[in-house]
Structures are given as C-alpha cells and as structure tokens.
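Please have the sequence and the model at hand while reading.

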Amino acid sequence: MTPEQYVQDKAAKSGSSFYYAFLFLPPPRRAAITAFYAFCREVDDVVDEVQDPGVAATKLAWWRKEVQAAWAGQPTHPVTQALMPHTPAFDIRAEHLLAVIEGCEMDLSQSRYLDFPGLARYCHLVAGVVGEVASGIFGRTEAQTVAYAHRLGLAMQLTNIIRDVGDDARRGRIYLPVNELQQFGVKAHEVLNRGYSDRFTALMKFQAERAHRTYDEALALLPAADRRAQKPGLMMARIYRTLLREIEGQDFQVLHQRTSLTPLRKLWIAARTNWTVR
C-alpha cells in the first residue's frame with residue numbers, strides 16, 4: 001500500500017463529514033487535505049482508542065518526533081510521507097501539526113474545563129488550527145479568511161462536543177464547562193450516569209445557541225473574494241449545522257446515543273452547497 005492509498009483509506013473509513021467535502025476538490029488539493037486529515041485522525045485515535053494514558057502519551061511523543069523528522073526531510077510514517085510533498089504549496093508548517101498533537105495531549109491530562117475560555121483554548125488547538133490549514137489548502141487570498149477558518153473550526157468543535165456528550169462521559173470526560181454546569185444546576189454525576197432532566201436540556205440549549213452564534217460569526221468573517229474557494233469548508237459547516245439541528249429536534253437525547261447523518265444525506269448537502277455557492 002502506498003502512502004497515498006493509506007491516507008485515502010484512513011479518511012474514507014472515518015465516515016467523517018470532512019470526507020464528503022474533499023470529493024469536490026481538484027486532485028492536488030484533495031490529496032493534500034486527505035493526507036492532513038489522516039494525520040489528525042491518527043493522533044486523535046491515540047487518545048480515543050488507547051486505554052492506558054502512559055501508552056497514549058508515549059505514542060503522541062512519537063508523533064511529535066515524527067513531525068520534526070518529516071520537516072527535516074526524513075518522514076517514516078505513510079501519513080507524513082503522503083503529506084510532505086504538499087507542505088510547500090499550501091504553507092503547511094510543522095507548528096500546525098504540533099499544535100494538533102498538543103491539543104490531543106490535553107485530553108490525557110484534563111477531563112474538565114472550568115469555563116468557556118479554557119475550553120476555547122482546547123478547541124483552538126484541535127479544531128481552529130485544523131481550520132486554518134484546511135483553508136490554506138482550499139485556497140485563500142485574504143488574511144481575514146484565517147479568522148473565518150478559526151471561528152468555523154470552533155463552531156464545528158462545539159457541535160462535536162454537543163453530539164458526543166454521552167460518548168465522552170463514558171470515557172470519563174465532560175467538555176461542558178464546569179461553571180455552566182453549575183449555572184444550570186446539572187451535576188457531573190448526572191452526565192456521567194446519563195441522567196436526563198429539564199435542567200440538562202436547558203444546559204444543552206445554551207450550548208447549541210452558542211454554537212449557532214459561532215457559525216453566524218464565522219460566516220460573517222468570510223471575505224467574498226474567497227467564498228468560492230472555501231466551498232469545502234462551507235459544505236462542512238452546512239453538514240455540521242444540519243447535524244446540530246437534528247440533535248435539537250431530538251431534544252438533546254445525546255447521553256445514550258450518538259446522532260449522525262447518513263452518508264447519502266451528507267453527500268447531498270455537500271453537492272447542494274457546491275451548486276449554490278458562488
């Protein structure tokens with residue numbers, strides 16, 4: 001299996017909404033974003049799939065060394081081998097990949113966030129930086145597009161957090177800020193034990209309203225000159241926002257299930273966005 005086949009397989013198997021947006025890119029950009037996304041999946045899987053925190057930390061340390069070796073001209077993993085040919089053209093830097101690793105490392109040492117600014121720092125590393133790299137691969141001419149990409153990354157990560165409350169709780173993690181749990185009178189043990197209540201629903205409505213507001217703020221930042229090039233990001237935004245509305249429509253039944261859209265529906269949203277965005 002070639003490095004290119006490896007990253008394509010990694011991206012396709014993830015079932016992520018990102019994959020459907022990649023399909024509409026020209027080959028060089030699609031190859032670059034697929035390799036970068038495969039890297040993000042590799043390091044994220046370390047945290048999600050390795051049970052022993054010490055082993056996970058060792059694996060992330062290995063990835064940190066691999067990134068440094070790759071930028072020194074000696075990539076050894078199929079993901080970095082597939083990515084490196086694209087780094088000059090799309091200004092992908094080692095610091096971008098190291099930031100994603102740093103964000104994943106936070107999951108090994110921190111399972112609660114006291115307030116939203118603390119959570120936003122985590123989101124910046126695991127989603128904002130990813131958005132910045134992706135926007136560069138899609139094509140941007142305006143500096144403000146970077147701000148749009150960071151804001152959109154935050155909005156999508158907030159959507160992930162809402163969708164995954166139950167899954168994360170089963171791993172002992174609660175990404176909902178502690179002071180907001182307190183504000184709505186929701187105890188951590190209620191989340192961990194899948195306890196629904198009117199208080200929990202009110203808390204989740206608050207989270208969803210912030211996510212919607214963040215999507216609106218992101219879209220307002222996107223310069224008209226880059227709107228066409230950034231269509232893949234707009235596809236992802238529409239897919240994720242549709243998912244968020246689906247969760248709202250189910251009255252935030254997120255503690256015992258993980259809401260998702262079908263592949264066909266994701267593809268339809270991506271295709272419709274491709275047709276309508278000018």
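The structure is a predicted model. Its largest nonpolar core comprises 90 residues, among which F36, F39 and L119 touch the most other members. The greatest contribution to this core, 13 residues, comes from helix α7, which spans residues 116-138.

**The nonpolar core**
- Setting aside residues up to four places away in sequence, F36 touches L83, L97, V130, V133 and I137.
- F36 is also one of the three residues, with F39 and L119, that touch the most other members of the largest nonpolar core.

**Residue V165**
- V165 belongs to helix α9, which covers residues 165-170.
- V165 counts as buried because its relative accessibility is 5%, and the cut-off for buried is under 20%.
- Apart from neighbours within four places in sequence, V165 is in contact with L176, V191, F200, M204, V254 and L255.
- Along the chain, V165 and A143 are 22 residues apart, and their C-alpha atoms are separated by 34 Å.

**Residue H212**
- H212 is located in helix α12, which runs over residues 198-221.
- With a relative accessibility of 14%, H212 counts as buried, since this value also falls under the 20% cut-off.
- When neighbours within four places in sequence are left out, the contacts of H212 are R241, L244, R245 and E248.

Conventions. Residues numbered from 1 in each chain as written. Predicted model: local features only at pLDDT ≥ 70, side-chain atom pairs only at ≥ 80, totals over all residues. Heavy atoms only, no water. Helix = DSSP H or I, 4+ residues; strand = E, 2+ residues; numbered from the N terminus. Buried < 20%, exposed > 50% of the residue type's maximum accessible area, 1.4 Å probe, protein only. Contact = heavy atoms within 4.5 Å. Core = buried A, V, L, I, M, F, W, Y, C linked by side-chain atoms within 4.5 Å.
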